[in-house]
Amino acid sequence: MLQRAWASLRVPRVLPQVSARSFATSAPRPSFWDTILPLIQGNRRERKLQRQQGGLLPEDYERVQRDRRRDEMMAAQTSTGDALVDDVLSTPQIRSEELEARRADEKRNKRLLRKRWGGLDENGVEKQEHKYSTAVFRISPRKLNLLANQISGKPIDFAIVQMQFSAKRAARRVRSTLVMARDHAVAKGMDPANLLVSEAWVTKGAYFARLEIKGRARHGIMHHPQAKLNIVLRPGKTWEEREERELDLARRRVRSLGSGGVTRTNRKIVNGFQRPGWAW
């Protein structure tokens, strides 16, 4: 009896009324695998595409595929053994592909002409220069600019020697950058004997703000700067040519002085050994 009375006195629990629309509009939280699986599948697709291309560049792969389609159309025959297409080059598909390839080449050439470093010059000849830069590392741009000014306009070997014996902490990184840029330029076919650091400049990176703890419950903000060094190598004059030019400039300066107002004559010196005193 007591249990029945107690059960009758208990208040039934009432669940809140939740509509199905609230469940439908709430987006499920993506899991780790939902985020990482598309990346893995994308990498697999890229590797599969690279295997299919055989290590070729995209434009080279398209050219190979275009040539293959043209060969297939030329080799196509009817049941009687005659050529399926009389003139393959006049077909609309081949014409459209050639027109698209020509437009792509023109666009690429215009882009190369707009490039400041590398690319083509006004005559359509590839520029003899090589641009290289370091990664963004932790250093003040003002300090790195001092090293950039030190190597700007110098031969590449002289700049490497300067960085080798420099007391600056960033000189080691700059030296490795110069060596790598020289090797890349030599691989491009440039002569290392007359390579010159034509341009060297510094660009700023991100400035990280960090908390600086001070005494008496005070604090400040520290800023850690970052910078990057950029260089451009171009062919210039060798050491022998530079020395010869300096000697030529020195000769020209001496010749431009003239006689200095002194006229040379063949007259004999008279009274060369006079006594000191008045000459009357």
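**Note on the sheet and the salt bridges**

1. Arg182 is partly exposed, its relative accessible area being 23% (buried is under 20% relative accessible area, exposed over 50%, partly exposed in between, with a 1.4 Å probe and protein chains only). The model is predicted: local features need pLDDT of at least 70, side-chain atom pairs count only at pLDDT 80 or more, and totals for chains, interfaces and linings use all residues. Residues are numbered from 1 along each chain as its sequence is written, and side-chain values use heavy atoms, with hydrogens and water left out.

2. Arg182 forms a salt bridge with Asp157, with 3.3 Å between the closest N and O atoms (a salt bridge is a side-chain nitrogen of Lys or Arg within 4 Å of a carboxyl oxygen of Asp or Glu). This pair links distant parts of the chain, with Arg182 in helix 8 and Asp157 in helix 7 (residues 156–164), 25 residues apart. Helices (H or I, at least four residues) and strands (E, at least two) are DSSP runs, numbered from the N terminus. Asp157 is partly exposed, at 38% relative accessibility.

3. Helix 8 (residues 171–187) also lies across strand 1, strand 2 and strand 5, and runs at about 150° to strand 1. Axes are lines fitted to C-alpha atoms, for helices over the stretch in contact, and angles run from 0 to 180 degrees between N-to-C directions; contact means heavy atoms within 4.5 Å.

4. The three strands form an open antiparallel sheet in the order 1-5-2 (two strands pair if DSSP finds at least two bridges between them). Strand 1 (130–133) and strand 2 (195–204) are the edge strands, each pairing on one side only. From one strand to the next, the twist averages 20°. Nine bridges join strand 2 to strand 5 (residues 227–235) in the antiparallel sense, and Leu196 has Arg234 of strand 5 as its bridge partner.

5. Arg234 also belongs to a network of salt bridges with Glu129 and Glu199. The structure holds seven salt bridges.

6. Within helix 5 (residues 92–114), Asp105 and Arg108 lie three residues apart, about one turn of the helix. They form a salt bridge with the closest N and O atoms 2.8 Å apart. Asp105 is partly exposed at 37% relative accessibility, and Arg108 is partly exposed at 34%.

7. In helix 9 (residues 239–257), Asp248 and Arg252 are separated by about one helical turn because they are four residues apart. Their salt bridge has its closest N and O atoms 3.6 Å apart. Asp248 is partly exposed, with a relative accessible area of 31%, whereas Arg252 is exposed, at 54%.
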